[in-house]
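Good morning, and thank you for the time on today's agenda. I would like to take you through one structure, which I ask you to keep in view as I speak.

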Amino acid sequence: MRRADRWLEVALFFAAGALLWLGFGAPEWRRDVFEPGQRAPLSLRLVTWNVGGSGSDGLGPLRDDNLAGIGASLRQLAPDVIALQEVASEAQLRELARAAGTRKATYLLAPGGGRRVAVLARGGQLRRLPLSVDGPRAMGFEFEGEDGRRLRGVVLHADAFSAEDRNRLVGEATETLQRAGGDLPSVLLGDLNLDLDLGKRRDLFTDNEHLDVETYNFVATRLADGALGTGPTAEPDRRLDYVFVSREELVVEHAGVWRGRRLGDMDHDPVVVDVRVTP
Amino acid sequence: MSLRLEALRLRRSRRPIVAGAALSFFLVLMLLGFYTYAQNRTGGNVSFRYTFENRSYFNGLTFSIYAFYFAFLLLLPIFVATEGGAQLAGDGADGTLRLYLTRPVSRARLFLGKLAVAFAYSSVLAGVFLATTLLIGLVTVGWGDLDLYPGVLQMTDRHQHLEQGEALVRFALAWPAASLALLVPLALSLWISAWARSAVNAVGTSVAVYLVLYVVAEIPFFADLRPWLFTSYLAFWRGLFREEIPWAELTADALRLLGYASLFLALAFHRFRRREEA
């Protein structure tokens with residue numbers, strides 16, 4: 001009897017050790033490291049980047065000291081369309097366009113003052129698309145590349161502190177894109193300030209965070225989340241920046257978050273999505 | 001003999017009746033909550049108008065998922081811990097254990113008999129509850145396809161659509177997976193029961209330890225602890241409701257849970273072997 005008891009005890013401890021070793025030692029899923037060089041030929045590269053800061057002196061717009069560094073990153077990325085958030089002035093955009101390394105760059109800056117959204121294209125043409133939510137935080141645009149490929153889009157920077165404001169801005173922008181109709185591919189990109197991983201974080205700063213689930217799904221049921229599954233985009237370990245693309249007209253070929261490009265007190269990484277326009 | 005006796009004692013303890021009554025009450029509340037939520041949300045809340053939810057989203061299968069998810073994390077482990085906590089300590093307190101040990105039966109056999117009956121009870125409790133939620137969902141709302149959206153119950157990161165037949169297969173798979181997960185709080189409570197002299201203390205401590213671990217896993221300050229808490233893996237069966245089941249991830253979680261269960265059982269038996277009855 002005692003032998004049976006001893007065997008059971010040994011077997012249980014052995015099983016515990018083996019199972020825990022197998023469970024915790026199993027190869028972890030590794031996030032793909034995004035490399036800007038991996039780009040499919042004939043793809044359109046879309047980028048969104050909140051270039052503002054969140055340093056010890058509070059939230060602030062893009063700093064002039066960071067322009068050269070950001071421009072260098074953009075030059076390496078060579079995107080077709082770049083959605084920027086927290087740009088302070090047209091002069092900054094001009095400087096970024098120059099630093100991005102092309103003389104053909106065009107840009108649009110949202111109306112209003114303070115921290116604004118902007119769109120920059122390294123070539124081709126940009127045109128404003130009127131939105132019901134036009135302002136420093138939202139701007140519609142149409143892009144036509146040098147090769148004739150066209151896109152319709154909205155760049156957003158949703159409120160960080162109010163789930164209701166986020167819902168209104170993102171919802172209206174999504175509906176505007178859909179109402180615009182036609183057969184142009186659509187994109188919605190920017191810092192939406194939606195972090196769905198509620199199991200990871202209980203937010204102390206928003207009024208109704210769980211309702212962000214509704215806002216995200218409102219967009220995700222209409223447009224494809226281009227960089228889904230590529231990890232967090234902002235400090236601390238949050239996914240706030242998105243590139244949504246229309247499902248039928250655009251196929252995502254490559255997407256990722258390019259880490260290690262922040263400067264100074266910047267707290268967001270650029271999100272890159274390469275898409276192919278379906279014939 | 002030992003198994004039959006344990007089963008008879010479980011039936012006479014009336015613990016299954018108490019658990020059934022509490023779970024039924026919970027289901028009534030869930031049904032009320034589900035119905036009113038669906039009514040309010042799908043009408044188009046003025047201040048929060050952009051929503052993905054609609055009437056077709058709320059069906060019997062969604063109800064079943066919601067009811068089972070919350071009951072699984074917050075109620076079933078409590079009944080399971082109560083069962084485990086009452087085993088060795090309860091038998092010790094009323095002298096039954098001493099009587100058992102005078103017979104020529106190994107402690108291993110006694111321990112495994114108690115474990116088998118308690119585990120079977122946990123599994124039946126989970127299975128009957130899951131089947132009841134499906135039945136209530138069918139009768140009151142009707143089934144349909146199962147749509148799951150990102151963020152909801154943290155079940156998926158992208159929209160998942162399962163046709164009714166496939167969804168029911170996933171529910172069937174969720175039962176053994178959930179039973180496996182419940183083995184961990186059961187083993188933990190057996191360990192505590194092996195130390196305690198009173199069933200009340202064992203049950204109270206087991207439930208308290210489970211709840212503390214569950215709450216700690218939910219608080220962001222303790223995010224670094226989460227990978228090491230078994231409560232982080234209990235709801236691993238949610239992966240079965242994805243269009244493409246992530247088998248590798250599910251297997252790793254199941255191995256961790258089995259590992260924790262084996263460890264608690266080993267510690268429980270280690271203590272039980274040395275336990276002396278007055």
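Predicted model: local features only at pLDDT ≥ 70, side-chain atom pairs only at ≥ 80, totals over all residues.

Let me begin with the interface. Chain B contributes 44 residues to the contact and chain A contributes 39 residues. The area buried between the two chains is about 3,600 Å², and carbon and sulfur atoms give 65% of that area. Across this interface there are 7 residue pairs in polar contact. Which parts of chain B supply the side that touches chain A? Helices α2 (15–42), α6 (107–140) and α9 (247–274) of chain B each supply at least two residues of that side. The largest share, 15 residues, comes from α9(B). Sorted by class, the side of chain B that touches chain A has 25 nonpolar, 8 polar and 11 charged residues.

The interface between chain B and chain A also holds 2 salt bridges. One salt bridge joins the side chains of B:R273 and A:E9, at 2.8 Å from N to O.

I turn now to the interior of chain A. Strand β4, residues 81–87 of chain A, has 7 of its 7 residues buried, so the strand is largely enclosed by the rest of the structure. Strand β1 (residues 44–50) of chain A runs parallel to β4(A), and 5 bridges join them. Within this pairing, A:T48 has A:A83 as its bridge partner. Strand β6 (residues 116–121) of chain A pairs with β4(A) in the antiparallel sense, over 5 bridges. There, A:L84 stands opposite A:A118.

My last topic is salt bridges. Over all chains the count comes to 26. In chain B, B:E6, B:R9, B:D91, B:D94 and B:K114 are linked in a network. B:K114 lies in helix α6 of chain B and B:E6 in helix α1 (residues 2–13), 108 residues apart. Is B:K114 buried or exposed? B:K114 counts as buried, because its relative accessibility is 1%; B:E6, at 4%, is buried too.

The side chains of B:R9 and B:D91 also meet in a salt bridge, at 2.7 Å from N to O. This pair links helix α1 of chain B to helix α4 (residues 76–93), across 82 residues. B:R9 is partly exposed at 27% relative accessible area, whereas B:D91 is buried at 3%.

How values were computed. Residues numbered from 1 in each chain as written. Chains lettered and ligands numbered in written order. Heavy atoms only, no water. Contact = heavy atoms within 4.5 Å. Buried area = accessible area lost by both parts, 1.4 Å probe. Salt bridge = Lys/Arg side-chain N within 4 Å of Asp/Glu carboxyl O. Polar contact = N/O pair within 3.5 Å; in protein donor to acceptor, adjacent residues only side chain to side chain. Helix = DSSP H or I, 4+ residues; strand = E, 2+ residues; numbered from the N terminus. Nonpolar A, V, L, I, M, F, W, Y, C, P; charged D, E, K, R; others polar. Buried < 20%, exposed > 50% of the residue type's maximum accessible area, 1.4 Å probe, protein only. Pairing = 2+ DSSP bridges.
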